[in-house]
Structures are given as structure tokens and as C-alpha cells.
Amino acid sequence: MKKNGRREVRHLGVNGDRRAFIQRYVCLSCGVSYTHREHPRSRYTESFKGDLVRRHVEQRESYRVQAKRIWEQSGRKIGPTTVNHMVMEIAHQCKSAKQMSAELRPQWEGYLLADEKMVRVQGGQRWYYHGVDSTGDIPSSRSVSELTSTQAGMFLEEITGDLSYPLKGIITDLDSALCTAIERRYPAIPHQICLKHAFTALEKAIGYLPYAQQRGWNKSTLRRSFEKLRETRGIWVEKSRDTFMEAYRAQKTLAGRHEQLRTLRDALHTILFSTTRDLAEKRRKELRRRRLSRSVTAEKHRALRFLDRYWEKLMTYHAHEGMPRTTNMVENVNKQIERRMKSLEGFWSGVNADAYMNLLIAYLRQKPYTDCRGQRKVCNGKSRLACAGVKLGSSDWLQNAISK
């Protein structure tokens with residue numbers, strides 16, 4: 001074997017073409033020349049695919065935008081579908097959240113926040129159960145075709161059994177499948193219902209939101225009608241005045257109803273977000289004895305029935321120090337997934353959806369916090385895994401996520 005000179009080739013990079021030289025060799029016995037490449041017969045290098053994945057996930061660039069920028073920078077035509085195939089090729093090599101947890105063994109606090117997220121697959125729905133520890137880390141994620149208590153129970157057992165999760169308590173919204181699975185499989189584990197979801201359900205029960213929206217619209221309309229009165233001339237003055245007074249009387253009636261509902265809503269808010277359970281009990285008894293207008297009596301009893309039904313699960317966090325009272329952490333994960341799905345719209349297969357979800361969760365677990373407030377302000381600059389006590393060997397999140 002001997003060297004047979006070098007041949008110049010042009011590689012496609014994210015910032016344009018770059019020149020490189022490939023050494024050719026000749027076999028002394030048969031005279032055939034060949035090259036030695038890291039990725040033979042590959043049109044695009046692995047580093048180029050990795051750069052596309054990083055830009056797609058970190059900067060939320062769509063496939064079409066990436067293809068357009070490559071054309072502008074290098075003059076090479078590449079379609080959005082080709083970019084999609086390269087991203088999915090890397091995604092299929094990514095570890096799942098469960099595999100990363102089993103490998104890294106984070107130090108979780110034990111309070112599990114669970115919720116679900118819907119993704120479009122072939123025009124249908126595919127659901128993902130996400131579990132988030134109170135440190136912010138994401139121990140596991142599971143895809144299901146439908147939301148049932150059986151699937152929810154399998155998801156919880158996957159975390160507590162396979163990952164040996166130190167379960168101290170569970171925080172969920174009012175999802176019936178999760179609540180039923182917890183009652184059946186973990187009856188002795190403290191279960192907290194998210195206070196924000198509960199307060200939203202109470203607002204819906206008393207019918208507050210429609211009146212608040214309608215009052216806002218009527219106030220704007222009334223203001224515009226009043227400003228037009230001074231511009232009215234001639235025979236239209238009296239008619240405009242009568243129209244304005246009719247709108248004013250309607251707004252006054254609506255304002256009275258809205259004020260009564262707002263008083264009831266404020267009382268419910270003070271009950272749910274009381275600093276102690278004893279104070280919450282005292283305020284609930286006061287609301288039960290309090291006389292409100294006849295027009296909101298039915299709404300008051302409806303709200304009290306809701307509180308009586310979920311009272312123990314709404315007050316669980318008072319007895320367990322460090323237990324979150326809302327599902328904000330897992331809702332934040334779902335919000336970031338939703339941002340990414342807006343440009344994708346959906347997937348062609350469930351396998352691709354699972355691979356992409358693994359890639360996205362691996363990025364979220366290693367992405368540093370930037371806007372934590374309150375007691376979690378110390379987490380700014382740290383990733384979810386770092387908050388759970390994991391020290392990664394590389395600062396490249398994609399390299400840490402790819403299976404060796």
C-alpha cells in the first residue's frame with residue numbers, strides 16, 4: 001500500500017461550503033485506489049446533522065427555515081424533508097428519559113408532579129405522560145394511545161419500580177385517570193391536587209369568567225358610545241342619548257351581577273391559598289355561614305360542594321414540608337413542548353413521535369434555567385439534571401443524549 005496523492009473535496013457545513021482534502025491510497029498487489037473516511041458513502045457528515053439538530057431544537061428553527069438558510073449561505077439546494085430525515089435520524093439514536101435516569105441516577109427529592117400532553121400523529125391523538133420531580137428533573141415519559149387509569153398506573157409503576165424512585169407524594173391536576181390510578185395503586189401515598197387547576201374549576205363552576213369577559217366588552221362599547229355623543233348633531237342627538245342610556249342600564253345590571261360573583265371568587269381564592277390549614281378551615285366555615293345575594297346562592301353551594309369533595313387532597317401540602325401545591329413545573333415542560341410542536345404540527349408515525357420526544361426531553365433536562373423566581377432563584381444557571389445532583393462529563397447536550 002502506498003499513498004497516491006490528495007484530492008480536494010467540498011463538504012457542506014451549516015455556515016456554507018468548506019474545503020477539505022482526502023488522502024487516497026493504492027493497493028500494491030491489485031492497484032486499486034481507495035480512501036479512508038469516517039462515514040463512507042455518506043452525503044452529509046454526522047457533524048453537519050448534529051449542527052442541524054442543535055439549531056432546530058435550541059433555536060426552534062423549522063425545517064423550511066433551515067433549508068432556506070443553507071441555500072442562502074452555501075448555494076446548495078436541500079429540501080425541508082431532507083432536513084427532517086436527518087433530524088429524525090439523530091433522534092432515533094437518542095436515549096429515552098428512562099434510560100438517561102437509569103444511567104445517571106439523579107438524586108430526586110421524591111415529590112412527583114404528573115401530567116399529560118397531546119401530540120398529533122397521522123391526524124390522530126397520541127398522549128404522553130410526563131413525570132417531573134420537585135427538583136425540576138424529568139425522570140420518565142411514557143406514550144399512550146388513550147388516557148386510562150391502567151395506562152396511568154403503568155406509567156407510575158415504571159417510575160417507582162424500574163427507576164427506584166423515592167416516592168414521598170404525588171401532585172396532579174383534576175385528571176380522572178391519574179387520580180383513579182393513584183387511589184388504586186398508591187392509597188397510602190399523599191396526593192395533592194393542583195390549587196391553580198382547582199381554582200380554575202371553581203371559577204367555571206360559579207360562572208365567573210363569562211360575566212367578566214362580557215363586562216369588559218360592554219365597558220369598552222359604553223366608553224366609545226359616550227365619546228361619540230358630543231359629535232352627534234341635529235335630530236340624531238335624542239336617539240343617540242336613548243341608545244346610550246339603554247346600554248348604560250344594561251351595563252349597570254351586569255356590573256352588579258359581576259361584582260357579586262367577584263366577591264365569591266375572592267373568598268374562594270383566600271380559602272385555597274391560605275397559609276395554614278386551620279386558617280383555610282376557618283375561612284371555609286365563614287363562607288358557609290356568610291349570607292350572599294340570592295342570585296349567587298346556588299353558585300356558592302356549588303363551590304362549597306366542590307371544596308367538600310376534594311378538601312383533603314387540596315390541603316395535603318400543609319402536612320408535608322417541601323411538597324409543591326401546584327403542577328407549575330410539569331406545566332412548564334408541557335409549555336416548552338407545545339412551542340416546539342407549533343412548527344411541526346404532527347408526525348407520520350408513533351415511532352418518530354417517540355424518538356423526537358426523547359430528543360426534546362434530553363435537551364430540556366440539560367438546558368440551564370434562566371428565569372426562576374422565589375425560592376428556586378438559586379437554580380438559575382443550572383440544568384434540571386444539575387439541580388438533581390448530576391455532573392455530566394460533557395457540556396454538549398446532544399453528545400450526552402446519543403446512545404453510544
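Q: What counts as a pocket or a cavity here?
A: On a 1 Å grid over the protein atoms alone, a cavity is a set of points where a 1.4 Å probe fits but cannot get out, whereas a pocket is an open set with protein on both sides within 12 Å along at least five of seven lines. Lining residues have an atom within 4 Å of a point. Grid points are joined across faces, edges and corners, and a volume is the space filled by probe spheres set on the points. The model is predicted: local features need pLDDT of at least 70 and side-chain atom pairs pLDDT 80 or more, while totals for chains, interfaces and linings use all residues. Residues are numbered from 1 along each chain as its sequence is written, and side-chain values use heavy atoms, without hydrogens and water.

Q: How much space lies in the largest pocket, and which residues lie nearest its centre?
A: The largest pocket holds about 1,400 Å³. Its lining has 37 residues, and Asn328, Met329, Cys372, Arg373 and Arg376 lie nearest the centre. Strand E4 (111-121) and helices H7 (195-206), H12 (328-344) and H14 (384-387) each give two or more residues to the lining; helices (H or I, at least four residues) and strands (E, at least two) are DSSP runs numbered from the N terminus. H12 gives the largest share, 7 residues.

Q: Which residues have the most contacts inside the largest nonpolar core?
A: Nonpolar side chains tend to be buried together in soluble globular proteins. A nonpolar core is a set of buried Ala, Val, Leu, Ile, Met, Phe, Trp, Tyr and Cys residues joined through side-chain atoms within 4.5 Å. Buried means under 20% relative accessible area, exposed over 50%, and partly exposed in between (1.4 Å probe, protein chains only). The largest core has 75 residues, and Leu307 and Leu314 have the most contacts inside it. Helix H13 (residues 350-366) gives the most to this core, 10 residues.
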